[in-house]
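Please read the following report alongside the sequence and the model.

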Amino acid sequence: MPDLKHRRLLSAREYIGVEKIDGPLIFVSKTHPVGYRELIECVDKNGHIRMGIVLESSTNRVVVQVFEGTAGLTLPSTRIRFSGKPLTISVSKEMLGRVFNGLGNPIDGGPAPRSDLDLDVNGMAINPTARQYPRDFIQTGISVIDGMNTLIRGQKLPIFSGNGLPHNELAAQIARQAKIRGSETEFAVVFAAMGVKHDVAQFFVRSFEESGVLSNVALFLSLASDPSIERLITPRTALTLAEHLAFNEDMHVLVIMTDMTNYCESLREISTIRGEIPSRKGYPGYLYSDLAELYERSGMIKGRKGSITSLPILTMPNDDISHPVPDLSGYITEGQIVFEREMDGRGIYPPVAGLPSLSRLMKDGIGEGMTREDHPHLASQLFAAYSYVKDVRNLASVIGEEELTPLDHTYLDFGKAFEQQFVSQRKDEERSIEQTLDIGWKVLSMLPADELHRITEEEIEKFYGK
Amino acid sequence: MSDRIIGQVRRVNGPVIEVMGITDAEMFELVRVGEQRLIGELIKLESGGAVIQVYEDTTGIAPYDPVYGAGMQLSVELGPGMIGTIYDGIQRPLEAIREMSDIYINRGITIPSLNREKKWHFVPAVKTGDRVSEGSVLGAVQETENFKHKILVPPKDAGILESVVPEGDYTVEDVIAVLQTENGQSKNLTLMHRWPIRVQRPTARRLPLDTPLITGQRVIDTLFPVARGGTVAIPGGFGTGKTMTQQAVAKWCDADIIVYIGCGERGNEITDVLAEFPALIDPRSGRSLMERTILIANTSNMPVSAREASIYTGITMAEYFRDQGYHVAVMADSTSRWAEALRELSGRMEEMPAEEGFPAYLPTKVAEFYERAGSMEALNGQTGSVTIIGAVSPPGGDFSEPVTQHTKRFIRCFWALDRHLANARHYPAISWLDSYSEYLNDIAVWWEQQVGAAWLDDRTEIMDLLQREVRLQQVVKLVGPDALPDTQRFIIEVCTLFKNAFLQQNAYDKIDMFSVVPKQARMLHIIVEYWKRGRDVIKAGATLVELRKMKVYQDIIKMKFSVPNDDLSDLDKIEARLGRSMDQLEALHA
């Protein structure tokens, strides 16, 4: 029975020839005992090295997943080396301002950054008792977010979007404008691109450049042209750096991951090749746990100054929010910003659907001393009134607007003003929270005061119609 | 922990490990794998081999690694020190783990579930020579200011006490009594004992469920009440407020002990409970809510197999407190994650799947879990109960999926969360159309004793109105509200009032966050009175506009916020004012 020391010696061995290659998976037989999730190196006939990890290990066969794909490999000439340790990346603050591939190797032509320490990319579960409950309000300058779906430092708030909708613009705008009021702290952006087009990556680089923050951004790019399997490791590499920056270097990190749907599709691809039993739409049964391993890495920790706020972007296939990817994400993340194609069609930016969007951490981060005392009730009333607007619109589409009661007409006017004045804003417009709330009151004042059941009389006295 | 090697690893596939060379091992035995000593449980035995599910990340485990057997089943430690503690899915205290491994949970940590050093003040209730039987009370420890932890003879032990220690301070491992069992052996009894999590603790008999578990949430207590010892499912898509409802019930329900199982959910939700509960005061005891709460946290990023076990860990603890004669409420959030853990493990064991990849034994497992609820007479004659409130997270919010469907077969109370209500920020978003409670008739007697016989009639009246409103709304959708006569529009009006003034409840408002039983009954009665009197004056010729203009209307809308739980006299005033306003209106049209 080989012990750990013995195994490390065995890891110097190299196996020439493999049993089977299927998609990104390689099957190797008759090896020494190989550890689960061990890092491997795979050398092709030209001496080029690709990396991979062990997915399954048994006494007679090892299944290996190769990140850079298996194109060009042959059965007899492929050589495999097992490292005896899990996949790690070297992390340091110097990685900011640089561009890497999904495995953390620089692709901007510069030298590898000096490394402080090696970390396992899989990370470890944060002890729930070590977490600090997030409550610091982040001002994004975007009314529909600040006013109604407030982003909190340490939150994971995804954007549920669709193809062709301006999710990248919104993410870039948030990255540019996000600030904690009254505090100057070191911040960083970690950007992970999974299977997105080259021009999307370029859009973000340019946007960071223009706002002069590029030196505070680390980019991990696994683009559409790269092997799909690399996408599985890209968010993990990015989050490992983010954890280092947040919890070892005391920085406030914003992680943008796009597009989570591509990530999930790669996961499905591997699962299918391995012959696993699928659950919904062919996605593996562990999709929820796998996504949770990524999303749950954000947060705040007691006694540490830094934080990880994450903003995953996912495109809903066919705009279907009940598709497994948005559905399972919504069960893990702390709310969601949902885009609506119909609003985009009417030229409203950001096209954030009022009702399905939600920020779960909002309740503890707004109100007196944080934003303004009227914020909670105002937001609640806006939601209620807008919900009624939707009902009235449905009614109007059946019976015609003429048949509506005068009150319902007032609601329709309110709905229009809400969308055009409160939700809609320019892509470079930054509103303070006070401006946002004042606009909220302005549109709400179109409704009669006795319709506002969720607002106290004092608040009506102070803000209504002002 | 024993070093008995029971086999070697043959194959590693995530949390599932196949073992070869098994000599002696028992089913569901607690095992440790590899040099890291990862904790696992033996779940399948075959000739010479076995399958183990490991409760920690198996990175680095390789074939031929040794597997050690502990010689006992996966068990929980039951004794003083559990209250106010936060455990992981296999009862390891997370606070203590944090002291050992900082912010992350390292692997292979072995740590006792109950503090071994802490001394508890034990007051014996028995003396040497007494005959005790299974579950007899040996004495008690005052665990918190308000909670008396009774020390029990473990089930399956009985006989004559050879010795009992005097009153004093003891650790959970100190011998407090020596028992001579029926077959003549001496057995040491301590403040704690172990119990395997997958085995239901024995009781004398089941009792009828005739007392409600009061939650302080009006839509629950008044419309869809749950009995002590009952079973509830809360299904709802993401963002509909499952966790908010569970937390509201955990905060304000009148159980003695809350076991809150965070099963595969968000880390920050557990942190929220940890931050909030100690600061909240239990209105009945006047003490911190944390002093009656046990948390089990196995968040979504913690190992999936421990998620499977966490449900059983929680329910076993609940049964232990029930045996002491307490009423326990178990919050399981979410049972879908538990079912998904079953599915993942089943898939890795290459079992034949049934619906949507779930194993064929899913309904059996769901039934076993919910059947552990009940109002019981314990072996020692005490009565206690375990109520299970399980959240269900159906994919896409579709209630026809297997977990919701199978759960529905084994529960008797269903609080369906509605996406439309949640979108309008109507909380709790419990649908009055899809929800039901089979306990209503069993507990109606209790309500009548508490608040008078009108309660059941009022409730029936309002439920009837809500049903009629749905049909009227369909008409409105086709022809507009103006086409309806005032009598019918008034029904819609009353239902809107009932939804705003009664069903909606603000979990963050100091007064509204919970309502005592008399307040709920009085509020309901006022709204039903408004309906009955209003209906009559409309028949007499009054218009809706006149009704709406009554000042008392605003009082009714605001009464949930304005009338404190400990002084309901303002409700009398509102009711009197309502009567006077209606009288005036009636006189006007007489």
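## A helix pair in chain A

In this predicted model, A385(A), Y386(A), Y388(A), V389(A) and V392(A) of α10(A) meet D408(A), Y411(A), L412(A), F414(A), G415(A) and F418(A) of α11(A), where contact requires that C-beta atoms, placed from the backbone, lie within 7 Å. Nine of the residues in this contact are nonpolar, one is polar and one is charged; Ala, Val, Leu, Ile, Met, Phe, Trp, Tyr, Cys and Pro count as nonpolar, Asp, Glu, Lys and Arg as charged, and the others, Gly among them, as polar. Helices (H or I, at least four residues) and strands (E, at least two) are DSSP runs numbered from the N terminus.

The axes of α10(A) and α11(A), the latter spanning residues 406-423, come within 9 Å and cross at roughly 115°, the axes being lines fitted to C-alpha atoms over the stretch in contact, with angles running from 0 to 180 degrees between N-to-C directions. The crossing is left-handed, a term used if the near helix is turned anticlockwise from the far one by less than a right angle.

## Numbering and confidence

Residues are numbered from 1 along each chain as its sequence is written, while chains are lettered from A and ligands numbered from 1 in the order in which they are written. The model being predicted, local features need pLDDT of at least 70 and side-chain atom pairs count only at pLDDT 80 or more, whereas totals for chains, interfaces and linings use all residues.

## A covered helix

Nine of the nine residues of α8(A) are buried, that is, 20 or more other C-beta atoms lie within 10 Å of their own; among them are P324(A), D327(A) and Y331(A). These buried residues pack against β12 (159-161), α6 (260-273), α7, β17 (307-315) and β18 (335-338) of chain A.

## The contact between chains A and B

Chain A places 61 residues in contact with 61 residues of chain B. Elements of chain A that each supply at least two residues to this side include β5 (49-58), α8 (324-332) and α10 (375-399), and the largest share, seven residues, comes from α10(A). The side of chain A that touches chain B comprises 32 nonpolar, 17 polar and twelve charged residues.

## A sheet in chain B

Five bridges join β15(B) to β16(B), and V175(B) has T190(B) as its bridge partner.

Definitions and conventions. Contact = placed C-beta atoms within 7 Å. Buried ≥ 20, exposed ≤ 12 C-beta atoms within 10 Å, placed from the backbone. Pairing = 2+ DSSP bridges.
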